[in-house]
Amino acid sequence: MAKIAIGADDAATSLKDLVKAHLEKKGFEVKDFSHEHPRNDVMYPDISFNLATAIREGEFERGILLCGTGIGMAIVANKVPGIRAAQCHDVYSAERARKSNDAQVMTLGARVIGSELALMLVDTWLNSEFEAGRSAPKVNRIDYYESLVNKENTKEWVK
């Protein structure tokens, strides 16, 4: 069974706990990147960045991030080179995040989707695999542009 990373801010702790229990019931090994004691001063960018970095380094195959809308977590995770995070709010977006975009991270908004839908999205996303085909050149182009940006950043750091 795959190893799944999960993380949430204070706005999504309850939904994260529900999703985590759902994953464990299905036999997944789950590591929680959330802070042990949710507080309003915990910054979701730290949770998102740490989870996405662990995926990039191969510690986990996939990750699920939850916050109020799912937007902030996706923005931060996508800052980590090699990570493709997708905000999912319906079954089609969850499926296409994997099949068309090879997203290793899904983000969910606890304030915009209900718990039953969240579990349905998680199951859909986990049961979907990258189809390559027509999408492979597009994902390769994403990686190409990311490499250009990283080269530019590297030049700045070297100066």
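Strands β4 and β5 (residues 105-109) pair in the parallel sense over three bridges. Two strands count as paired if DSSP finds at least two bridges between them. Across this pairing, A85 stands opposite V105 in β5. Helices (H or I, at least four residues) and strands (E, at least two) are DSSP runs, numbered from the N terminus.

The model is predicted: local features need pLDDT of at least 70, side-chain atom pairs count only at pLDDT 80 or more, and totals for chains, interfaces and linings use all residues. Residues are numbered from 1 along each chain as its sequence is written, and side-chain values use heavy atoms, with hydrogens and water left out.

Now widen the view to the sheet. Five strands form an open sheet in the order β2-β1-β3-β5-β4, with parallel pairing. Its edge strands are β2 (29-32) and β4 (85-87), each of which pairs on one side only. Neighbouring strands of this sheet are turned by 20° against each other on average, direction ignored. Axes here are lines fitted to C-alpha atoms, for helices over the stretch in contact, and angles run from 0 to 180 degrees between N-to-C directions.

Next, take β3 (62-67). Five bridges join β1 to β3, and the two run parallel. I4 has R62 in β3 as its bridge partner. Five bridges also join β3 to β5, again in parallel. There, L66 has L108 in β5 as its bridge partner.

Why is β3 largely enclosed by the rest of the structure? Six of its six residues are buried, so the strand is largely enclosed. Buried means under 20% relative accessible area, exposed over 50%, and partly exposed in between (1.4 Å probe, protein chains only). Both faces of β3 are covered. R62, I64 and L66 are buried on one side, and G63, L65 and C67 on the other.

Helix α1 (residues 13-25) lies across β1 (3-8), β2 and β3, running at about 170° to β1. K16 lies in this helix, α1. With a relative accessible area of 6%, K16 is buried. Leaving aside its neighbours within four places in sequence, K16 is in contact (heavy atoms within 4.5 Å) with I6, G7, A8, D32, S34 and L66. A polar contact of 2.9 Å joins the side chains of K16 and D17. Such a contact is a pair of N or O atoms within 3.5 Å; within protein, one must be able to donate a hydrogen and the other to accept it, and residues adjacent in sequence count only if both atoms are side-chain atoms.

What about the nonpolar interior? A nonpolar core is a set of buried Ala, Val, Leu, Ile, Met, Phe, Trp, Tyr and Cys residues joined through side-chain atoms within 4.5 Å. The largest has 26 residues, and V19, L23, I64, L66, M106 and L108 have the most contacts inside it. β1, α1, β3, α4, β5 and α5 (115-126) each supply at least two residues of this core. Helix α5 gives the most, with six residues. Apart from this core lies another, of 16 residues, among them A5, F60, C67 and A85.

Finally, turn to helix α4 (residues 91-99), where Y92 is found. At 58% relative accessibility, Y92 counts as exposed. The C-alpha atoms of Y92 and L121 are separated by 8.8 Å, while the two residues are 29 apart along the chain.
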